[in-house]
Amino acid sequence: MIKINYDKNIAHLSHKTAKKIVNDVFDFIKQRSTVSIERATLRIMGINGANEEGIPYPNILVDKAIQAGIINDGISYLAAFLYHKSNQDIHKTLEMIEKITVQHIKEVKKEIYKYKEVANKLAQEGINLILKQKEKREELISKYGLPPTPWIYVIVATGNIFEDRLQALSAVRQGADCIAVIRSSAQSLIDYVPEGLTTEGYGGTFATQANFRLIREALDNEMEKQKRYLMLVNYSSGLCMPEIAALAAIERLDMLLNDSMYGILFRDINPQRTFIDQYFSRLIITLAGIIINTGEDNYLTTADAFEKGYTIISSHYINYEFAKKCNMPDNLIGLGHAYEIRPDIENSFLYELAQALLIRNLFPNCPLKYMPPTRWVTGNIFHTHIIDNMFNLVSILTDQHIHLIGVLTEAIHTPLLQDRYLSLKAVKYTFNAAKDFSKEIVIKDKGLIEERAKYLQQKAFELLKTVEEKGLFKAIEEGLFADTKRPFEGGKGLEGVFLKSDKYFNSVEEILIGNTMNSI
């Protein structure tokens, strides 16, 4: 790694300040739960699937618990009660979930609290399944080995999972290491997880358990030919953030886009809902050994990268400290950033190098995810291809860990196979041609790159201090991140947040916390 001079004291104070910011929000988080957390709990307890109308059983049961006025106690009690009454048959339990009335739930309200041990048993079975999948991943990595970094990350987004499978295998055979199946547009705003294999997504393919399983099996089968481990990626964000994390853990995904603020800033999801959900989702992710990718690259789609690039670094510290609240090790905390400074700025390449290098030095043990330029892509595919290759060079120079390829037609249409082939070929050429370039470079003392890095570090710290003074919720309301203002009680999903009662019990959360504590 190329070393760059930065202020170690400011780095220490930035972590300390971010920790204070997160601790303030964490007190708020721990007093509350959400409908998506309770549904994720049910899914880990084995309550999955949907009825004939396509309504997921977790949604049905949580909605009935809300109507019966017992959701504040947590869904674990009611799920265990129904499982017990069904003679511990999960299929009969699903039938009872659909048939039981709200009135009946009210009538048996006092009885349901007797089955805490049953709830713990169901939760432990689900946790064991996730741990078994984690062990399977480790076995496959031991057998095939991970590819060298930067890992080449490719998106497929046809809307049809079977077409995605074909495109995923094509990309792998051209050199891709990570396959990300982009979700259908606005799925993050749907407050349920669709069921089954899907073929009609728009701008991407629905994230479902069946779709996860299909692509996972395809990549597993391809590993023997490739003689390397192949990674599957999806998106744990939006109104179903904890549920997607649960399903991804069960189906052995390797990476999840999981950001503490992305849903707030870019999907207008209520801030309270998002911060509560991200905590529970990251508990699951930590247990499963899944790498997260944060979404700071998106900041530069609404704010100027040259003027506001430091906000990415401030957010990295906050995302990092939120992850640490879930006992997540550094090797799972993938922090996102992007090559997005305006191409017409003189020395833009040096400024991009400075920022990427600083982030790499500030978070040396985190698997950084580097995103290509998209804001300045035009119909001139040749110009796009040139910028993408400048991005490729910065990536290999600064030892990025996860490299999302830029495709020359990305901003024009869903890329054709040939477009992706050209981009993969360019990435592989640059990575090979400049493989040891970083070992031959020393950053000039007090030169443009070092001075830019010091400026970014100082500004990032100043922003963190401002956020600490205001509080994170107020800072978001004032638009201090991504030039986007989001009110505390605004956005989508606030109705799904509730205060925990004195009786609140979540059998999955208790085991998750215990397991993640034991793993560190």
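Helix axes are lines fitted to C-alpha atoms over the stretch in contact, and angles between N-to-C directions run from 0 to 180 degrees. In these terms, helix H16 (residues 348–362) packs against helix H17 (residues 381–397) at an angle of about 35°, and their axes lie 10 Å apart. The structure is a predicted model, in which local features need pLDDT of at least 70 and side-chain atom pairs count only at pLDDT 80 or more, while totals for chains, interfaces and linings use all residues. Residues are numbered from 1 along each chain as its sequence is written, and side-chain values use heavy atoms, with hydrogens and water left out.

The crossing of H16 and H17 is right-handed, a label given when the near helix is turned clockwise from the far one by less than a right angle. On the H16 side, Phe349, Glu352, Leu353 and Ala356 meet Met390, Leu393, Val394 and Leu397 of H17, where contact means heavy atoms within 4.5 Å. By class, this contact holds seven nonpolar residues, one charged and no polar; Ala, Val, Leu, Ile, Met, Phe, Trp, Tyr, Cys and Pro count as nonpolar, Asp, Glu, Lys and Arg as charged, and the others, Gly among them, as polar.

Turning to the whole chain, the secondary structure comprises 21 helices and 11 strands, both being DSSP runs numbered from the N terminus (helices H or I, at least four residues; strands E, at least two). The chain has a radius of gyration of 23 Å, close to the 24 Å that the globule rule gives for 520 residues, so it is as compact as a globular protein of that length. This radius is taken over C-alpha atoms, and the rule is 2.2 Å times the number of residues to the power 0.38.

Next come the pockets: on a 1 Å grid over the protein atoms alone, a pocket is an open set of points where a 1.4 Å probe fits, with protein on both sides within 12 Å along at least five of seven lines, and lining residues have an atom within 4 Å of a point. The largest pocket holds about 1,100 Å³ of space, the volume being that filled by probe spheres set on the points, which are joined across faces, edges and corners. Ile155, Ile182, Tyr235, Tyr262 and Asn298 are the closest to its centre among 43 lining residues. The lining of the largest pocket includes 20 nonpolar, 15 polar and eight charged residues.

The second largest pocket has a volume of about 490 Å³. H18 (417–433) gives the most to its lining, with three residues.
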